[in-house]
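Subject: Structure handover

Hello,

Here is the structure you are taking over. My notes on it follow below.

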Amino acid sequence: MANDASSEAADEVDERDGGKGRRDFLILTGSAFGVFAAGASAWPLLDSLNPARDTLAASTTEVDLSPIEEGQSITVKWRGSPVFVRRRTDEEVTAMQAVVLDDLPDPETDQQRFGDGNREQWLVVIGVCTHLGCIPLGQKANDNRGEFGGWFCPCHGSHYDVSGRIRKGPAPNNLPVPPYTITADNKLIIGREQSEGSRTA
């Protein structure tokens with residue numbers, strides 16, 4: 001009689017423990033499937049936030065620098081903005097490196113902007129005035145280039161030099177320099193940062 005009672009009690013304990021174990025397993029399994037399903041349904045949404053392939057292709061612009069002569073400027077488009085590319089003369093580079101920083105509203109040396117060696121000859125700036133977003137004049141031979149020989153913004157009278165630095169007028173900052181690299185075969189790639197190993201000599 002006593003043995004029967006203890007056996008029944010043990011069976012009840014086994015059933016209770018077994019039930020709890022099965023319930024925990026089912027909860028854990030259901031939770032795992034729920035997390036997987038949430039991740040699987042969220043992935044397409046997250047993936048759609050990545051730039052499209054055509055956008056990634058447009059993230060860089062390649063320009064052949066070979067046909068550009070000294071003193072000549074061209075305008076190319078990068079990410080919907082005009083970029084001014086100018087092959088500066090040795091005299092222009094020397095003059096820009098001699099500018100006293102105290103005279104500049106946004107002090108930056110020419111070397112900080114364009115580096116040394118053959119790279120310093122090339123000016124690459126985003127051609128949008130930093131005041132209110134107008135496009136400065138100065139890319140064409142007959143354009144008004146302002147008092148400092150670079151660019152003149154006709155909207156509110158900002159004057160930039162041949163380093164793209166603001167020299168006079170309401171613009172608060174220099175024309176920005178985009179990330180770019182110049183390859184050994186004289187190609188300008190706008191949108192790719194210059195690495196130490198790829199600098200031209």
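Three strands make an open antiparallel sheet, in the order β1-β9-β8; two strands count as paired if DSSP finds at least two bridges between them. Strands (E, at least two residues) and helices (H or I, at least four) are DSSP runs, numbered from the N terminus. β1 (61-64) and β8 each have a single partner strand and stand at the edges, so one side of each has no neighbour in the sheet. From one strand to the next the twist averages 15°, with axes as lines fitted to C-alpha atoms and angles running from 0 to 180 degrees between N-to-C directions. Four bridges join β1 and β9 in the antiparallel sense. Lysine 187 in β9 is the bridge partner of aspartate 64.

This is a predicted model: local features need pLDDT of at least 70, side-chain atom pairs count only at pLDDT 80 or more, and totals for chains, interfaces and linings use all residues. Residues are numbered from 1 along each chain as its sequence is written, and side-chain values use heavy atoms, with hydrogens and water left out.

Next, the aromatic rings. A search of the whole structure finds one aromatic pair. The ring centres of phenylalanine 84 and tryptophan 151 are 5.5 Å apart and the planes are at 15°, so the pair is stacked. (Rings of Phe, Tyr and Trp, the last by its six-membered ring, pair if their centres lie within 6.5 Å; planes under 30 degrees apart are stacked, over 60 edge-to-face, and the rest tilted.) Phenylalanine 84 sits in strand β3 (residues 81-87) and tryptophan 151 in strand β5 (residues 149-152), 67 residues apart, so the pair links distant parts of the chain. Both residues are buried, meaning under 20% relative accessible area, where exposed is over 50% and partly exposed is in between (1.4 Å probe, protein chains only).

Helix α3 (residues 90-97) has Glu92, Val93 and Met96 as its buried residues. They cover an arc of only 100° around the axis, which puts them on the same side of α3; the arc is that of the directions from the helix axis to the C-beta atoms. The buried residues of α3 pack against β3, α4 (110-114) and β6 (159-161), with contact meaning heavy atoms within 4.5 Å. Asp90, Glu91 and Thr94 are exposed, on the face turned away from the buried side of α3.

Two backbone angles are also listed. Arginine 79, in the loop between β2 (73-78) and β3, has a positive phi near 50°. Asparagine 186, in the loop between β8 (180-182) and β9 (187-190), has a positive phi of about 65°.

Regards
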